[in-house]
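Here is a short briefing to read beside the model. Take a look at the sequence and the 3D view, then go through the points by topic.

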Amino acid sequence: MNAKAYALYLKDFRSEIRTRYAVNSLAMFVLVATSVILFSIGNETITQSLTAGLFWVVIFFSAMSGLSRAFVSEEERGTSLTLQLIAAPSTIFSGKLLFNIVLVFCMNIVITLLYSALFDGFVIKNLALFIAAFFFGNAGLAIASTIIAAIISKAGAKGTLYPVLSFPILLPLILTSVQLTLMSFEGASFIEAKFELAIIICYDVIMLTASYLLFDFVWKD
Amino acid sequence: MNNYFLHVKNISKFFGRRLIFKDMTFEINNNGIIGISGDNGSGKSTLVKIIAGITSPSSGEIVHQDRGKEIIPEKLHNYIGFVSPYLVLYEEFSAYENLSFFSNIRGIKLNIERADFLLEKLLLFKRKDDLVKTYSSGMKQRLKFIFALIHNPSLIILDEPTSNLDSSGKDTVYQLVENESKSNIIIIASNEQSDLNLCQREIKLQDFKLS
């Protein structure tokens, strides 16, 4: 990340404050999805494994509703060309990635707080492990969502294509994150979770490297 | 004296199976205004986008050199100013905010004196703090000239530069273009005879169609 990418992030941040392009849809989705889950559970007590799964389901679909905006909004407004004329592709990807990382972390902190307050099964016994899962899971989600957003922004049916294309790419990340979250609920140690942690860190590194390599080809007509 | 050199080497462009132009070769190494003319759909915009590095040619190569050194694609945007009707600036920001963000993203400090000079010249100074979405189409077009010139580019590409402009706006733009052409290379892609009258040399796209 350099000063140019940070300047692009600031531009996106200011633009988001004025247009509320992504934040509104994210907030509404989090609210609606959590409410629907709460209503459907009723008075039932759900297991910790189901709680961990539902936690990441809300995160996944919330990300689908908001993170594609990084590139789709530029394409829809016709400002992609402007960006191409002022910055190198790597700067653009870094700026957009930084924006999505901030967005995904803010969104998921809200989801975590909501789950902690509303779900009895959401009891974290190993906080450090949960934070590690949360950090690497969210980083992976932001990286993968950013490059997928860049790919689908050039396509016709953006709305439907995004979750469809994201699902197979994000599946290993979501499965591992669910497993790590469950382990943090059960109080497992880092030694016991080392295999899952290795998978999630490798996933993040591979996605980041592949994204930077691919972005030039995706971005240019 | 500009030390910029542009070499278009045997470029061809296809959209699917449709040929736009074939084996186009030319060089530009002197300051001045070069026109690109052709019928609607002949590929004027495609050619200028290829020169600006926004679109890839199907075959061939474009070489940009500054002071004898080849410019790598990642740095090309620093040397190019671009105006076109399909270029869109951020409507949720004011003219000044747009220029400030663009300079920061380029990694340079906004040259306030030059920004004010260009805003004054293009009659936008009094509206510089208004959101771009409140501008008329002619004002947006004039703002695009400031966007293109603010970083002192060596190669200025103008695609349909006078679209949406009234006669006084056209005169201002022509005056600005003539001034800039003394120290830079300017490429104008247009069908407007008044635009092409400024050019010292003209490239006709119909000469590069498959016969």
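Two strands count as paired if DSSP finds at least two bridges between them. Helices (H or I, at least four residues) and strands (E, at least two) are DSSP runs, numbered from the N terminus. With that in hand, in S4(B) the bridge partner of Tyr4(B) is Asp66(B).

This is a predicted model, in which local features need pLDDT of at least 70 and side-chain atom pairs count only at pLDDT 80 or more, while totals for chains, interfaces and linings use all residues. Residues are numbered from 1 along each chain as its sequence is written, and chains are lettered from A and ligands numbered from 1 in the order in which they are written.

**Confidence**

- The predictor gives the complex an ipTM of 0.89 and a pTM of 0.91.
- The mean pLDDT (the predictor's confidence in each residue, from 0 to 100) of chain B is 92, and 98% of its residues score at least 70.
- Within chain B, confidence is lowest in S2(B), with a mean of 89, and highest in strand S6 (residues 80-83), at 96.

**Chain A overall**

- Chain A has 9 helices and 0 strands, so the elements read α-α-α-α-α-α-α-α-α from the N terminus on.- The radius of gyration (taken over C-alpha atoms) of chain A is 18 Å, close to the 17 Å that the globule rule (2.2 Å times the number of residues to the power 0.38) gives for 221 residues, so chain A is as compact as a globular protein of that length.
- Taken along the principal axes, the C-alpha atoms of chain A fill a box of roughly 55 × 35 × 30 Å.
- Buried residues (20 or more other C-beta atoms within 10 Å of their own, with C-beta atoms placed from the backbone; 12 or fewer is exposed, in between is partly exposed) make up 44% of the 221 residues in chain A.
- Contacts (C-beta atoms, placed from the backbone, within 7 Å) with a separation of 6 or more in chain A are 85% between residues 24 or more positions apart.

**Helix H4 of chain A**

- Helix H4 (residues 69-77) of chain A has Arg69(A), Ala70(A), Phe71(A), Val72(A) and Glu74(A) as its buried residues.
- The cover over these buried residues of H4(A) includes helix H3 (48-66), H5, helix H6 (89-118), H7 and helix H8 (158-186) of chain A.
- After H4(A) comes Gly78(A), with a positive phi near 80°.

**Chain B overall**

- Chain B contains 6 helices and 9 strands.
- A compact globule of 211 residues would have a radius of gyration near 17 Å, and the 17 Å of chain B agrees with this.
- The C-alpha trace of chain B spans about 50 × 35 × 35 Å along its principal axes.
- Of the 211 residues of chain B, 41% count as buried.
- In chain B, 74% of the contacts between residues at least 6 apart in sequence join residues at least 24 apart.

**Strand pairing in chain B**

- S1(B) and S4(B) run antiparallel and are joined by 7 bridges.
- S1(B) and S2(B) also run antiparallel, joined by 7 bridges, and Lys13(B) stands opposite Phe21(B) in S2(B).
- The hairpin of S1(B) and S2(B) has 2 residues between the strands, and Gly16(B) takes a positive phi near 65° there.

**Helix H1 of chain B**

- Helix H1 (residues 44-51) of chain B is largely enclosed by the rest of the structure, because 7 of its 8 residues are buried.
- Those buried residues of H1(B) are Lys44(B), Thr46(B), Leu47(B), Val48(B), Lys49(B), Ile50(B) and Ile51(B).
- Strands cover them: among the covering elements are S1 (4-15), S2 (18-28), S3 (32-37), S4 (59-66), S7 (155-159) and S8 (185-189) of chain B.
- Gly53(B), with a positive phi near 80°, follows H1(B).

- Leaving aside neighbours within four places in sequence, Ile187(B) is in contact with Ile34(B), Ile36(B), Val48(B), Ile51(B), Ile157(B) and Leu158(B).
- In soluble globular proteins, nonpolar side chains tend to be buried together.

**Where the chains meet**

- Chain A brings 20 residues to the contact and chain B brings 19 residues.
- On the side of chain A that touches chain B, helix H1 (3-19) and helix H5 (80-86) of chain A each supply at least two residues.
- H1(A) gives the most to that side of chain A, with 8 residues.
- By class, the side of chain A that touches chain B has 8 nonpolar residues (Ala, Val, Leu, Ile, Met, Phe, Trp, Tyr, Cys and Pro), 6 charged residues (Asp, Glu, Lys and Arg) and 6 polar residues (the others, Gly among them).

How values were computed. Two residues are in contact if their C-beta atoms, placed from the backbone, lie within 7 Å.
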